[in-house]
Amino acid sequence: MPFVAAVIGYLTKRVAIEMMFRPLRFIGVADPWLGWQGVVPRNSARMIRVSADLITSRLVDPKEIVDRLDPDEVTRRIRGPLLLTVDQIAREVLEQHHPRLWEMLPVLAQDLVIKQIQAGTPALVAKVMADIRANIGDLLDVQQVAVVALERDKELLVRLVRDISRPEMAFIARCGIYFGFTLGVVQTAVWAITREPLVLPVFGALIGWFTDWLAIKLVFFPREPRKILGLIPFQGVFQRRRKEVAKQYGALIAKEVMTVPNIVHGILTGPGSARLLTMISQLVRKSVDEQASIAKPFVAVAIGTQRFQEMKHAAADKAMTHLPAMALHTTPYATEALDIGGTIAEKMNRLTREEYEGLLRPAFRQDEWKLIAVGAVIGALVGHLQALLMLG
């Protein structure tokens with residue numbers, strides 16, 4: 001009986017663990033009453049808010065992050081692609097708005113015009129970087145970036161929780177064996193005294209219920225290190241692994257959520273994106289003006305003021321279409337410079353134990369009673385089967 005009880009304990013834990021994460025979508029007849037959806041994917045909206053709130057309020061400071069970027073290094077990293085893009089935009093605009101004049105120019109003269117326009121690009125990049133750094137709080141909504149990334153891929157949240165909680169899940173499964181065997185010894189004694197068939201399913205349900213409940217509690221509690229009998233150190237598994245979890249969580253967030261492409265997308269589509277894009281457009285037009293200042297008399301006569309204005313706006317519009325691709329050329333440098341994973345890990349170690357517990361606890365809290373109830377049902381069924389075998 002103790003060995004069967006250990007099997008019941010382990011089996012109910014494995015089922016509970018799988019029910020945490022699977023299935024990703026509801027399977028059944030009537031949602032949510034007749035069927036099942038994994039606890040994590042079912043509560044993904046709430047868990048996303050919790051994760052995003054934590055990332056926003058305690059782990060990632062946009063100003064601290066963006067201040068690590070060196071404008072000169074950013075310019076150096078995108079210089080090659082930027083000059084090629086400027087060349088392409090300039091030729092397209094000139095060919096579109098004054099094809100005859102452009103075709104009349106010798107190739108050398110065309111190259112000189114392009115190089116003159118390219119000369120202003122480093123200063124333009126520096127001005128854009130300065131504005132972003134000065135107004136990053138208005139331009140980048142970190143919470144929105146996190147929510148969009150997690151909502152775009154529901155499996156990402158499941159992977160995030162599952163990856164950081166693998167040792168806890170293994171601990172829960174092992175607890176089922178130890179606690180089940182211990183309760184099985186008690187079950188054996190009660191059966192030997194009473195020979196009552198109901199003892200087996202009742203104890204099976206008790207083993208499934210109690211071991212599930214206790215294992216989940218021991219993942220998080222006690223929060224502070226304690227000693228059993230003053231000798232044996234003891235602490236909740238998740239709390240004990242704090243440094244390891246912080247490093248792992250930071251790496252996962254940096255790799256999957258707060259990536260450079262996601263941050264760039266957040267800046268270009270966030271709450272302050274309209275003002276930023278307007279500012280960049282104005283800087284492009286101003287840069288065209290500055291580079292054309294040497295040839296102002298020629299521009300006025302050969303092109304005309306109205307057409308020149310149209311060319312400036314066309315150049316600005318084309319620059320906007322190339323902006324995301326230009327920004328992404330900084331990805332290798334920016335990823336290393338921002339060091340989001342290291343920053344998150346460092347700040348996670350400063351969280352209170354309750355705040356740190358909030359990384360994983362929401363995955364259990366709301367529906368843990370369901371997991372415990374399922375453990376009790378499975379335990380009762382196995383106990384009933386055990387009774388039939390012993391009596392038959």
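In which crossing, right-handed or left-handed, does H15 pass H21? This is a predicted model, and in it H15 passes H21 in a right-handed crossing.

The protein has 24 helices and four strands. Of its 392 residues, 46% are buried. Contacts between residues at least 6 apart in sequence can be sorted by separation, and 78% of them join residues at least 24 apart.

Two packed helices are described by the angle between their axes and the distance between the axes. Helix H15 covers residues 242–256 and helix H21 covers residues 340–348. Their axes come within 7 Å and cross at roughly 145 degrees. On the H15 side, the residues that meet H21 are Arg242, Val245, Ala246, Lys247, Tyr249, Gly250, Ala251, Ile253 and Ala254. On the H21 side, the partners are Ile340, Gly341, Ile344, Ala345 and Met348. By class, the residues of this contact are ten nonpolar, two polar and two charged.

Helix H21 also contains Thr343. Is Thr343 buried or exposed? Thr343 counts as buried because its relative accessibility is 5%, and the limit for buried is under 20%. With neighbours within four places in sequence left aside, Thr343 is in contact with Leu59, Glu64, Ile65, Arg68 and Leu338.

Helix H3 spans residues 44–59, and helix H10 spans residues 142–152. The axes of H3 and H10 come within 9 Å and cross at roughly 145 degrees, and the crossing is right-handed. From H3, the residues in this contact are Ile48, Ser51, Ala52, Asp53, Ile55 and Thr56. From H10, they are Val142, Gln143, Ala146, Val147, Leu150 and Glu151. The contact of H3 with H10 has seven nonpolar, three polar and two charged residues.

Rolling a probe the size of a water molecule over the atoms shows where empty space is left. The structure holds two cavities of 30 Å³ or more. How much space lies in the second largest cavity? The second largest cavity holds about 40 Å³. Its lining is made up of Met47, Ser51, Leu157, Leu160, Val161, Ile164, Tyr249 and Leu359. Helix H3 and helix H11 (154–164) each supply at least two residues of this lining, and H11 gives the most, with four residues. By class, the lining has seven nonpolar residues, one polar and no charged.

The last stop is Ile78, which lies in helix H5 (residues 71–97). Ile78 counts as buried because its relative accessibility is 6%, which is again set against the limit of under 20%. Which residues does Ile78 touch, not counting residues up to four places away in sequence? The contacts are Val125, Met326, His329 and Thr330. Ile78 and Leu328 are 250 residues apart along the chain, and their C-alpha atoms are separated by 8.9 Å.

Definitions and conventions:
Residues are numbered from 1 along each chain as its sequence is written. This is a predicted model: local features need pLDDT of at least 70, side-chain atom pairs count only at pLDDT 80 or more; totals for chains, interfaces and linings use all residues. Side-chain values use heavy atoms; hydrogens and water are left out. Axes are lines fitted to C-alpha atoms, for helices over the stretch in contact, and angles run from 0 to 180 degrees between N-to-C directions. A crossing is left-handed if the near helix is turned anticlockwise from the far one by less than a right angle, and right-handed if clockwise. Contact means heavy atoms within 4.5 Å. Ala, Val, Leu, Ile, Met, Phe, Trp, Tyr, Cys and Pro count as nonpolar, Asp, Glu, Lys and Arg as charged, and the others, Gly among them, as polar. Buried means under 20% relative accessible area, exposed over 50%, partly exposed in between (1.4 Å probe, protein chains only). On a 1 Å grid over the protein atoms alone, a cavity is a set of points where a 1.4 Å probe fits but cannot get out, and a pocket is an open set with protein on both sides within 12 Å along at least five of seven lines; lining residues have an atom within 4 Å of a point. Grid points are joined across faces, edges and corners, and a volume is the space filled by probe spheres set on the points.
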